[in-house]
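Here are my notes on the model, jotted down as I went through it. Have the structure open while you read.

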Amino acid sequence: MCLFLNMEFFSYIFMGDSMFFNDVHTRIRFVFLVILCILLAIIIRVFYIQVFQYDKLSSLAESLWSRELPITADRGEILDRNGKVLATNITTTSLVVIPNQIKNASDVAKKLSDILQSDYEDMLVHVTKKTSIERVHPEGRQLSYEIAQQINDLELDGVYLVKESKRFYPYGNVLSHVLGYVGIDNQGLSGLELSYDEYLTGENGAIKYFSDGKGNRLELTEVYEEPQNGINLQLTIDLDLQLAAERELDNVMSKYTPEHALIMAMNPKTGEILAMASRPSFDSNHYQDYSTEVINRNLPIWMTYEPGSTFKIMTLATSLEEKTINLFEDSYFDGGAITVEGATIHCWKHGGHGDQKFINVVENSCNPGFVVMGQKLGTDTLMRYIRNFGFGSKTGIDLNGESNGILFKNENMGPVELATTSFGQGISVTPIQQVTAVSAAVNGGTLYTPYIVGSMLEPETNTIIKKNEPNMVRKVIRDESSSLVRYALESVVAKGSGRNAYIENYRVGGKTGTAQKVQNGVYQAGNYILSFIGFMPADDPEIVVYVAVDHPNGVVQYGGTVSAPIAKSFLQTAIEVLDLPPTDQGMEREYNWMDTKYVILPNVVGMNLEDAKKALKGFQVEYSGTGDKINYQSPKGGYYIKEGGTVKLMLE
Amino acid sequence: MKQNKMDKVLFFLVLLIGIFGIVMIYSASSIWAEYKFHDAFKFIKAQGIFFLVGIVLMNFLSKLDYHLYEKKSNLILGICFILLTLVLIPGIGTVRNGSRSWFGLGGFGIQPSEFAKIGLIIYTAKYLSRNQKNMRDIKKGVLPILFVIGVFFFLIMLEPDFGTAMVIVLTLVCMIFVSGVKISFFVKIGVMGLLGIVGLIIIAPYRMARIVSFLNPWTDPLGSGFQIIQSLYAIGPGGLLGQGFLNSHQKHFYLPEPQTDFIFSIISEEFGFLGVLIVVSFFFLIFYRSLRISMNHNDSFGKYLSFGLSFGIIIQAVLNLCVVIGLIPVTGVTLPFLSYGGSSLLVSMASIGIILNVSRK
């Protein structure tokens, strides 16, 4: 530049040297300066565009140039508490077209519609659409391998197959109401899939490339953006218990064809839901095949009904906490009915239970006895505890679609309402409320918020990102009261109406319920919800289970006959799953004439065969081995076994 | 008159920028040429031939005594007038991009308006040098030449070729300005010119769309604002150092015919602000060297002639750059030496040839 722009130059421009052209040269200098200024303005403007507007224009231009082939991220998996997969993804292929790159639209549309067996006109619309990239929806989504291979073999320009993942529920109907389901775009539509959608949904990736103005791919660059998979959910559900619940429900459905049936299990010490199943159910993989009522109603949290006698646990717990009765010393004479303000309330047992201690009132599930317990408490006290146990409001479980239930307002409650509430009539509650409340009554008195998502896991390493901890809502009753509740309910199972749930060598507590259904304010004759709520071990509960069967056919309509055996069968699975040890500390069972008798098996290990046979009189004895001394017996001594049952012995 | 040496610096500046132009036309046009003609070199072959012819022409004219034009100025202007009239006749003139401004000649097109530019500069230079004293008098000195300019402006606007007409009018008016006409007169023309532009817009409303698109190209991104936006999408991402030679994205069918009016956008995209500085410096130096010749020259015809020719080149470059970077509405002028186009290149190089001849005297 120095070569040209020296002082000589400026002398030309600013100092006139020729007299004649002085005026002309001044004007030329002026023109030169004007042009110089314009050139500087141009340079400044370009600098402004290329430096200050660089980011804005670059990103605008890049969005003009770039095209994206989407790669869908895998949705987070849903696992049970032991890591067993309940919802996963399978990889499928989807068809996308880039209309600008398609040379012969009608030919391409014809070939694609032939392979997909779809409408030609629709396909033509897809391949000629004025857009940078078109997803052939829905006919080109989630294609089978064969179809994808056929399309691939055509090698058509502008036709792409992209990986797409599809939700898959390996267990089909199992836990479907809780898991929910997803739509074609993998968006959560119900259940956990919906409520945890933002966590389960990953970030989609893409293959980005630049295209020219005609939409053709430029070879310049290609960027692969890895999809970010969604977060895994680990549930509190135990798949083995869930499968047991589902199996029991399948049995009860085929045996009694009830309208509804449900089983739910919870860890009373934490509020963790261990199993939650109901009928009718649906297969999350094919949710479209079911009515919206079936797929949208998660009965354990949605259904509300009169609980019946299972609710008496609340009246019992309140009375024990308030010390208005002494279970073992106070007594009540049941003549079969009690009159409250002119209304006669009958006991379920015709003629009544006669003179009983209150422990017998509980064992017998005697309605007039509970009316008296309610009267001793009074409306305000009883209702305060009922509300403290969580009734009348949502439990706050992390699932959508929970109901509140309905309680009487205190000011609207007369003596009749107090009386019916005391034994579980005239109010409306959900199964989850009952499980939560009973858990509080037997766990030492603490109400927990139930929850079903245990933790969120990072998808690659399965390390915990967030863990849901048990949430203690409030202390409802004292430990000692809770311990008395457990004792009374164990006694219900050992000696009272819950006998069908008794498991030998294990301590089970529980309460049956038989609630007449109300429709349009009228009790329905012969239409009952039969329920049982139980827990074990009765001295230190690890699991609370609730079973309800709505309107079973061809069976005596008592909770004790229908629901208690289901609960027993479920709890027997729970013994294995939770690895509960047997005990001989439990209450001895009282028999009525139709029950099988159980007796304590003597210990014969160490005896010789002859002595053992004598000791085991009344039992079937099988033995193996040739020695004289017994070194093993099954079952072990000290536990209850069926009278006349088989005992296996092993000789040295 | 004493014989000076030719201004070799100017000569080599033009050679360099011409070669750079050929290279950039290749980069800008190869995609489009490959697509349309299946020959990536289609445009640079033609431009290369014109460039070689241009060098010969420039060399020839640098040796041809410029006083010849002074003697034949009326004849030259007459030929220009006839050509500008002929091109308007359908069948003789060919329509390209909406303007009937071309003579089809084999595979090439010739634009008579480009040659009329030189003819008019010669005529005006002669007029000014002959009427140096009269130029103080508006009626006797200025109006007659303005009338001639007006006739040619009218002819070119019939094509219509607004860009070339603007370049010619601005150049000739600037020559008259330099000759010493009173400033007050130019204020009056300025006002009239403004009214004239308004009138032209009323006649052809598409010009209004161009102005609106200039004010905010994003109001009509697919219509009148399209070219400016596409140009900005090239310039902006160029940044300081550019995307690199041949790496323009916008030439891939985003910026229409990038080798002609918008070649500066592609240069900005591939070479960034650095490239822009170099290109603008080249134009500045060419202008500066030409003005130096003009001011060093004592013959008044030669002085006006070399000033007019150098101003014609720089004003065309300035108009093109201002369009491309969105400072003024799209007018349709090529960038001298760099844009694809035989007539434009030949006329620019011929102008330099004449200026070089002036430098010898």
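How many helices and strands does chain A have? Chain A comes out with 21 helices and 28 strands, taken as DSSP runs (H or I of at least four residues for helices, E of at least two for strands) numbered from the N terminus.

1. Housekeeping: this is a predicted model, where local features need pLDDT of at least 70 and side-chain atom pairs count only at pLDDT 80 or more, while totals for chains, interfaces and linings use all residues. Residues are numbered from 1 along each chain as its sequence is written, with chains lettered from A and ligands numbered from 1 in the order in which they are written.

2. Of the 652 residues in chain A, 44% are buried, that is, with 20 or more other C-beta atoms, placed from the backbone, within 10 Å of their own.

3. At least three of its residues come from each of domain 2 (67-234) and domain 3 (239-280 + 313-577) of chain A; the bounds are from an automatic or database assignment.

4. Where A and B meet, chain B puts in 40 residues and chain A 34, contact being C-beta atoms, placed from the backbone, within 7 Å. On the chain B side, α10(B) gives the most, with 14 residues.

Notes
Contact = placed C-beta atoms within 7 Å. Buried ≥ 20, exposed ≤ 12 C-beta atoms within 10 Å, placed from the backbone.
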